[in-house]
Amino acid sequence: MTTDTVSAPETHAFEADVSKLLHMMVHSVYSDKDVFLRELISNAADACEKLRFEAIADPALFGEDPQPRITLTLDKEAGTIVVEDNGIGMSAADMGETLGTIARSGTKAFMDKLTADKNGEGQQLIGQFGVGFYSAFMVAGNVDVVSRRAGTDEAASWSSDGLGTYTIAPIDIAQAPARGTRVTLHLLDDAKTYTERYTVERIVKAQSGHVPVAIFIKELGSEEEERQVADGAALWNKAKSDISEEDYADFYRSVAGQFDKPALTLHYRAEGRHEYSVLIFIPETKPFDLFDPDRKGRIKLYVRRVFITDEAEMLPRYLRFARGLVDSADLPLNMSREMIQDSPVLSTIQKGVSNRILSELDKIATSDADRYGAIWENFGAVLKEGLYEDFERREQLLGLARFKTSTSNGEWRSLKDYATSLKDNQTAIYYATGTDLDRIAQSPQLEGFKARGIEVLLLPDQVDSFWTTVGMDYDGKPFKSVTQGATDLSLIPPVEGSTAADAPNEDVSSFISFAKDALADQVSDVRVSDRLTTSAVCIVASETAMDLQLERMLAAAGQAPERAKPVLEVNASHMLIAKLGQTGASDEERTDLAFLLLDEARIAEGQPPADPRAFAERLERLMVKSLN
């Protein structure tokens, strides 16, 4: 089209093999048919924004109707839904240029003109949404567009069934809006639900409730009057002083699908190279999908208050408990809002928002320990995933981490707190992993640490077995498992009232040597322990082997590594070990006793004996002998 009018209806073929493009768009680009309404409302909002900008230079374009609006008209009897705006409108030439070409958009052409004429002023008003209009053909067998450009006395219509051609014709201005565009969708049989007020109102509130234009719904044949369903004002663009806690709570519940209150509300606008608004909440209770295997986030992405997607990875996965939205004015888009590509702008936003959330958490942790403790109680297990995954923020996350320890009496402790309780000659931060906090606290491997007043982190979450393996340290002290490798505790004296294990006498040393030979196929070593004070035995992993809890977790997940032989440690001061050293039993009986010691250590770890039948037979033989 090269002129602003057409003398008679003309039929044109879509450019660029439209049949294939439409098929791809309808069946591949959009996963949810509801999206058509979002796209048409977005285009209508764009048209209103264009008018607002052009009216700066020519206020007469507003005429007697200065307030932008979008009206959705539902007609069950006719099976149609109409999306009408009072924006800038289109001429016949605009229709040919905008609606006749899939690969270009009038919005893009407007941006190019704006750049040339105004040195880019106001570009933030305009988006690049490409093929969004054509999503209408997902639900409509025919689409009619009637439009009148602001400031003109001419109107035109555009019509197509989306199968390869479209027609453009001039129409009487009496048949057109006073200004703007009216899009009529003749719905397919399986899309007639879009004439239901409830259905349409739900979609608008969920996907377009915060566009910068008021939205109204009118239902033909209904006694109910036209209703406003969106006021064109975005909560996140209001001043914080104008928003009450209840306003935030109501919005949080709607955007998060939660029924509690937010434990933290983060509302700010970033300015500079990239501008975007952020309204994010941390829930008061755990969302039901917190441990979804896909670990997807739930942050909604908007562009100029138009909902784009809730599947963009706006935050690291270890912050997936956060709920809310990010609204960008200049985020570049690809083919559709559902298929946005990673870009430098998106990366900048992701980094900025993530850092801000962690910074806010740090402020709360410093100023309100009880409040932060409640947040950590709910989401600490998820935040600790960042210790394993996010090297860049690891130090910050270590500062946020809280632990229950062998000396904290159930209270949360930070690593900074831990560092203040380090003993003289203590060279590591000690931890114990497991699946149950109480069971970990009673582990025999902790006895020697407790006797010396050495604090041990108690780690009951699955992720603890992973982040502790990445070789990090805190304040120069490495993390070391109490169930792995040798622990030289001899340089740290017992606290008053406690005693350390004695050195083995000759008889005990002799039995240990015998047990080492008898159990050679089961363990890599049998040695005297400085971990034990009251228990007779325990098993630990060797220095170079995998921690016992991690090995068990991988085995349970079907990813069992080649199992390394554990080390059996014995308490040389224990009465049982002393008796075993003094026994005059035969080698066969001593072998049974050695295996029973190993199985005792396994049972103390919550594990079954390696060979339950052999264990039972040895126990029976021992019982028979004792009864004789």
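## The second largest pocket

The lining of the second largest pocket comprises 10 nonpolar, four polar and seven charged residues. In this classification Ala, Val, Leu, Ile, Met, Phe, Trp, Tyr, Cys and Pro are nonpolar, Asp, Glu, Lys and Arg are charged, and the others, Gly among them, are polar. The model is predicted, with local features requiring pLDDT of at least 70 and side-chain atom pairs counted only at pLDDT 80 or more, whereas totals for chains, interfaces and linings use all residues. Residues are numbered from 1 along each chain as its sequence is written, and side-chain values use heavy atoms, with hydrogens and water left out.

The volume of the second largest pocket is about 550 Å³. Of its 21 lining residues, E385, Q462, V463, F466 and M553 are the closest to the centre. Two or more lining residues come from each of the elements α9 (385-389) and α16 (548-556), and α16 contributes the most, with five. On a 1 Å grid over the protein atoms alone, a pocket is an open set of points with protein on both sides within 12 Å along at least five of seven lines, a cavity is a set where a 1.4 Å probe fits but cannot get out, and lining residues have an atom within 4 Å of a point. Grid points are joined across faces, edges and corners, and a volume is the space filled by probe spheres set on the points.

## Q549 in helix α16

Helix α16 also contains Q549. This residue is buried, at 7% relative accessible area; buried denotes under 20%, exposed over 50%, and partly exposed the range in between, with a 1.4 Å probe and protein chains only. Setting aside residues up to four places away in sequence, Q549 touches T433, G434, T435 and S465. A contact requires heavy atoms within 4.5 Å.

## The β10-β11 hairpin

Strands β10 (residues 262-270) and β11 (residues 276-283) are paired antiparallel through eight bridges. Two strands count as paired if DSSP finds at least two bridges between them. Five residues separate the two strands of this hairpin, and G272 in the turn has a positive phi of about 140°. Within the pairing, H267 has L279 of β11 as its bridge partner.

I280 belongs to strand β11 and is buried, with a relative accessibility of 2%. Beyond its neighbours within four places in sequence, I280 contacts L264, T265, L266, I299, A322, R323, G324, L325, V353 and I357. The C-alpha atoms of I280 and P262 are 9.4 Å apart, the two residues being separated by 18 positions along the chain.

## A six-stranded open sheet

Six strands form an open sheet with mixed pairing, in the order β16-β15-β18-β17-β20-β19. Strand β19 runs antiparallel to β20 (residues 477-481), to which two bridges join it. The bridge partner of Y474 in β20 is K477.

D475, in the loop between β19 and β20, has a phi of about 55° and is exposed at 61% relative accessibility. N425, placed in the loop between α11 (415-420) and β17 (429-433), has a phi of about 70°.

## The chain as a whole

The protein chain has 19 helices and 23 strands. Both are DSSP runs numbered from the N terminus: helices are H or I with at least four residues, and strands are E with at least two. Of the 628 residues, 51% count as buried.

Among contacts with a separation of 6 or more, 73% link residues 24 or more positions apart. The accessible surface comes to about 29900 Å², and 48% of this area belongs to carbon and sulfur atoms. Accessible areas come from the Shrake-Rupley method with a 1.4 Å probe; for residues, only the protein chains shown count as cover.
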